[in-house]
2 protein chains.
Amino acid sequence: MKSLLLVAHGSRRAESNAEIAELTERLAGKASTDFDVVEHAFLELATPSIPEGIQRCIDQGATSVNVVPYFLACGTHVADDIPEQVAIKQTEHPELDIRIADYLGTSDELVDVLLKLAH
Amino acid sequence: MKSLLLVAHGSRRAESNAEIAELTERLAGKASTDFDVVEHAFLELATPSIPEGIQRCIDQGATSVNVVPYFLACGTHVADDIPEQVAIKQTEHPELDIRIADYLGTSDELVDVLLKLAH
């Protein structure tokens, strides 16, 4: 059973974290044929944490977790912090197929999205 | 003459700022029929600043500037800081048509972009 875990930075502002929860609901609505479970997690400042988010996927029967970093730049968070937190759960569940996708900022399609916003 | 100014946060990491410059080049390549000038600017930690970015557009003959915030969440930066810096140039150039577009995180299309990254 496949799962997708959207990972955002997390904010002190509840509204920002709520935006991520709402985005995750929209993802779940569109992902249903590809991913049986869609959850979100935050790197810091908010919950669920990344290990908690992965656990939520496991609790719903996931055998694979595709972690998608909702980040625009490849800083320490993307390069080190997310992989470190993912590794905690991978060690606990060696049978789980966990992959980290390219972060949002790598997508070529952002060009089209930005041009559409500009209009 | 229309211009587009992509506004990113700015980073201490030169590579992150270079990613924005590279994205701006790709935007310019696709925007040519809609925007005669495409520039980028940073809110903090890097140059050009937002007023400098707007000035670059003006120097190339822009009569309108469409500011596109490259931000995922609507925090103080999007709500207050970008409008404040834009207002500095609007006061200097009252004839200039400056608009601030919705920030990247508002785009419905991010759902599709994220699903594509997950595959």
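Predicted model: local features only at pLDDT ≥ 70, side-chain atom pairs only at ≥ 80, totals over all residues.
**Helix α1 of chain A**

Helix α1 of chain A covers residues 14-31, and at 1.5 Å a residue its 18 residues should span 26 Å, which agrees with the 25 Å that separates its end C-alpha atoms. Within this helix, A:Ser16, A:Asn17, A:Ile20, A:Leu23, A:Thr24, A:Leu27 and A:Ala31 are buried. Seen down the axis of α1(A), these buried residues fall within an arc of 110 degrees, so they line one face of the helix. On the other side of α1(A), the exposed residues are A:Ala14, A:Glu15, A:Ala18, A:Glu22, A:Glu25 and A:Gly29. The cover over the buried residues of α1(A) includes β1 (2-8) and β2 (37-42) of chain A, and α4 (110-118) of chain B also takes part in it.

**Where the chains meet**

Between the chains, 29 residues of chain B are in contact with 29 residues of chain A. On the side of chain B that touches chain A, at least two residues each come from β1 (2-8), α1 (14-31), β3 (64-69) and α4 of chain B. The element that gives the most to this side is α4(B), with 7 residues. Sorted by class, the side of chain B that touches chain A holds 17 nonpolar, 6 polar and 6 charged residues.

**The sheet of chain B**

In chain B, 4 strands form an open sheet with parallel pairing, in the order β2-β1-β3-β4. Because β2 (37-42) and β4 (97-100) of chain B stand at the edges, each with a single partner strand, one side of each is left without a neighbour in the sheet. From one strand to the next, the twist averages 20 degrees. The strands β3(B) and β4(B) pair in the parallel sense over 4 bridges, and B:Asn66 stands opposite B:Arg99 in β4(B). Helix α1(B) packs on the sheet, where it touches β1 and β2 of chain B, and its direction makes about 160 degrees with that of β2(B). Helix α2 (residues 50-59) of chain B lies across β1, β2 and β3 of chain B and runs at about 165 degrees to β2(B).

| Item | Value |
|---|---|
| Cis peptide bond A:Thr47 to A:Pro48 | omega about 0 degrees |
| Cis peptide bond B:Thr47 to B:Pro48 | omega about 5 degrees |
| A:Leu45 | phi near 70 degrees |
| B:Leu45 | phi near 70 degrees |

In chain A, A:Pro48 lies in the loop between β2 and α2 (50-59), and A:Leu45 lies in the loop between β2 and α2 of chain A.

**A:Phe71 and its surroundings**

A:Phe71 is found in the loop between β3 (64-69) and α3 (76-92) of chain A, and it counts as partly exposed because it has 19 C-beta neighbours inside 10 Å. Leaving aside neighbours within four places in sequence, A:Phe71 is in contact with A:His9, A:His77, A:Val78, A:Tyr103, A:Leu104 and A:Gly105. The C-alpha atoms of A:Phe71 and A:Ile100 are separated by 13 Å, the two residues being 29 residues apart along the chain.

Definitions and conventions. Residues numbered from 1 in each chain as written. Chains lettered and ligands numbered in written order. Expected span 1.5 Å × (residues − 1). Buried ≥ 20, exposed ≤ 12 C-beta atoms within 10 Å, placed from the backbone. Arc of directions from axis to C-beta. Contact = placed C-beta atoms within 7 Å. Nonpolar A, V, L, I, M, F, W, Y, C, P; charged D, E, K, R; others polar. Pairing = 2+ DSSP bridges. Axes fitted to C-alpha atoms, helices over the stretch in contact; angles between N-to-C directions.
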